[in-house]
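The sequence and the coordinates come before the discussion.

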Amino acid sequence: MGIVTVATTPQSDLHDLDTSPARAEEEDGDEATRREAGTGESSRASRHWWDRNADEYQDEHGEFLGDDRFTWCPEGLDEADAHLLGEVAGRDVLEIGAGAAQCSRWLAARGARPVALDISYRQLQHSRRIDLGRGTVPVAVVQADAAVLPFADASFDLACSAYGAVPFSADTVALMREVHRVLRPGGRWVFSVTHPIRWAFPDEPGVDGLTAMSSYFDRTPYVEQDEQGRATYVEHHRTLGDRVRELVTAGFRLVDLVEPEWPAGLEQEWGGWSPLRGRLIPGTAIFVTERG
């Protein structure tokens, strides 16, 4: 089965992706700022950014992620140890923001029926590359925006996301409602994101990342934009309270909030994650919820 693509942005936008070296060089000079960014702009920026950077991302982090490892975060908390989803065998599972579907591959090996969804076609091509290289049955993949899920009501028993989709969506209230819609009653929705407190600190792995420089309560998105002011990357901040309220509003019950501690012996840095920062302030928040 190939990649199922669902267009959730204007059709003309599906054909204007320029991945030439010249385009990449221009993007290296993008301006970082804090400004408002709506649903359409955020969605387009995410799709284009991940299509452009999927190869580099998989090259840089592929060894840590593995081909079929389900890890929730840079701290290395694995679902095999955490069991946040509960029993997965025989369950229909939706992985949102799946990237190369490493988590879905882990789920399939344990008897689940996963579907891996991502906004980036290039990321899902990496999923195909891994499956072909392993000679295994391909993971079912769908290209779509997580805030407009192309599935019928009550299609899945479980939904999960390891740092996928949620931070990049401008309308996470809609996203949570969509996940609630496609889950069956009692189904779990578990997702990990950068811990909201990190937004008050510079995204630096060293000592510069230990001093709060911004307001935790400033929800203005982080935007990288080109010379024409077009967003090339957008990430959205929500406080812990914001997340709880949007989940409850969507009809979920919060079961647990996991804040993984930095493990002894892990010396690998990942962007702003490092042993120095990880031992002092939380880097990840994992929300464990159930559909009402």
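C160 is buried, with a relative accessible area of 0%, and this applies to a predicted model rather than to an experimental one. The sulfur of C160 is 6.2 Å from the closest cysteine sulfur, which belongs to C103, and this is too far for a bond, because a disulfide is counted where a pair of cysteine sulfur atoms lies within 2.5 Å. C73 is likewise buried, at a relative accessible area of 4%, and its sulfur has C103 as the location of the closest cysteine sulfur, 11 Å away, which is again too far for a bond. By this rule the count of disulfides comes to zero.

C103 is one of the buried residues of helix 4, a group that also holds Q102, S104, R105, W106 and L107. Why is helix 4 described as largely enclosed by the rest of the structure? The reason is that six of its eight residues are buried. Their packing partners are helix 2, helix 3 (79–82), strand 3 (92–96), strand 4 (113–118), helix 5 and strand 6 (156–162). After helix 4 comes G111, which has a positive phi, near 90 degrees.

L107, within helix 4 (residues 102–109), has a relative accessible area of 0% and is therefore buried. Beyond residues up to four places away in sequence, L107 touches F70, L85, V88, V93, A112, P114 and C160, so that the cysteine discussed at the outset is among its contacts. The C-alpha atoms of L107 and D92 are separated by 9.9 Å, the two residues being 15 apart along the chain.

Helix 2 (residues 39–65) contains S42, and A45 lies in helix 2 as well. When neighbours within four places in sequence are left aside, S42 is in contact with A37, F168, A170, V234 and H236, while A45, on the same terms, is in contact with A231, T232, Y233 and V234.

| Residue | Relative accessible area |
|---|---|
| C160 | 0% |
| L107 | 0% |
| S42 | 1% |
| A45 | 2% |
| C73 | 4% |

Helix 2 also meets helix 5 (residues 121–134), and the axes of the two come within 7 Å and cross at roughly 40 degrees. On the helix 2 side the contact involves W50, D51, A54, D55, Y57 and Q58, which meet Y121, R122, Q123, H126 and R129 of helix 5. The residues of this contact divide into four nonpolar, three polar and four charged.

Turning to the strands, which ones pair with strand 11, and in what sense? Strand 7 (residues 183–194) and strand 11 pair in the antiparallel sense over seven bridges, with W189 standing opposite T289 of strand 11. Strand 10 (residues 252–258) also runs antiparallel to strand 11, the two being joined by six bridges, and here R253 stands opposite E290 of strand 11. Seven of the eight residues of strand 11 (residues 284–291) are buried, so strand 11 is largely enclosed by the rest of the structure.

Technical notes: Residues numbered from 1 in each chain as written. Predicted model: local features only at pLDDT ≥ 70, side-chain atom pairs only at ≥ 80, totals over all residues. Heavy atoms only, no water. Helix = DSSP H or I, 4+ residues; strand = E, 2+ residues; numbered from the N terminus. Buried < 20%, exposed > 50% of the residue type's maximum accessible area, 1.4 Å probe, protein only. Contact = heavy atoms within 4.5 Å. Axes fitted to C-alpha atoms, helices over the stretch in contact; angles between N-to-C directions. Nonpolar A, V, L, I, M, F, W, Y, C, P; charged D, E, K, R; others polar. Pairing = 2+ DSSP bridges.
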